[in-house]
Amino acid sequence: MIEWEPDMPGWRQVADVIRQRIADGTYPPRTRVPSVMQLVDEFGIAQATAQKVHQGLRADGLIYTEPGLGSFVAGQP
């Protein structure tokens with residue numbers, strides 16, 4: 001479980017965990033990352049917070065979403 005930092009938004013903390021998993025190969029390129037509901041279950045966060053995690057990772061170019069299929073790790077540059 002995550003140890004929450006009181007001075008950092010929760011979605012950024014969860015995004016950092018996913019970012020680290022991408023960096024260490026837990027989620028290799030073109031593999032599925034946890035869905036919004038899986039993030040809710042794993043981290044005990046609100047659905048809106050989990051959606052922000054995905055939005056932030058997409059904005060950083062780390063993941064992409066295929067409608068109807070899910071979100072995946074982007075290929076390495």
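Colleague: Quick one to start: is Asp 60 buried, exposed or partly exposed?

Modeller: Asp 60 counts as partly exposed because its relative accessibility is 48%. Buried means under 20% relative accessible area, exposed over 50%, and partly exposed is in between (1.4 Å probe, protein chains only).

Colleague: And what should I know about the model itself?

Modeller: It's a predicted model, where local features need pLDDT of at least 70, side-chain atom pairs count only at pLDDT 80 or more, and totals for chains, interfaces and linings use all residues. Residues are numbered from 1 along each chain as its sequence is written, and side-chain values use heavy atoms, with hydrogens and water left out.

Colleague: OK, how many salt bridges are there?

Modeller: The count comes to 3 salt bridges, a salt bridge being a side-chain nitrogen of Lys or Arg within 4 Å of a carboxyl oxygen of Asp or Glu.

Colleague: Which residue does Asp 60 meet in a salt bridge?

Modeller: Arg 19, at 2.7 Å, N to O. That pair links distant parts of the chain, 41 residues apart: Asp 60 sits in the loop between helix H3 (47–59) and strand S1 (63–66), Arg 19 in helix H1. Helices (H or I, at least four residues) and strands (E, at least two) are DSSP runs, numbered from the N terminus.

Colleague: Where does Asp 16 come in?

Modeller: Asp 16, Arg 19 and Asp 60 are linked in a network of salt bridges. The closest N and O atoms of Asp 16 and Arg 19 are 2.6 Å apart. Both lie in helix H1 (residues 10–23), 3 residues apart, about one turn of the helix.

Colleague: Why does Arg 19 count as partly exposed?

Modeller: Because its relative accessibility is 28%. Asp 16 also counts as partly exposed, at 36%.

Colleague: What about Glu 42 and Arg 21?

Modeller: Their side chains meet in a salt bridge at 2.6 Å, N to O. Here too the pair links distant parts of the chain, with Glu 42 in helix H2 (residues 36–43) and Arg 21 in helix H1, 21 residues apart.

Colleague: Switching to the strands: how many bridges join S1 to S2?

Modeller: 4 bridges join S1 to strand S2 (residues 70–73), and the two run antiparallel. Two strands pair if DSSP finds at least two bridges between them.

Colleague: Which residue stands opposite Thr 65?

Modeller: Ser 71, in S2.

Colleague: And which residue takes a positive phi in the hairpin?

Modeller: Gly 68, near 85°, in the hairpin of S1 and S2, which has 3 residues between the strands.
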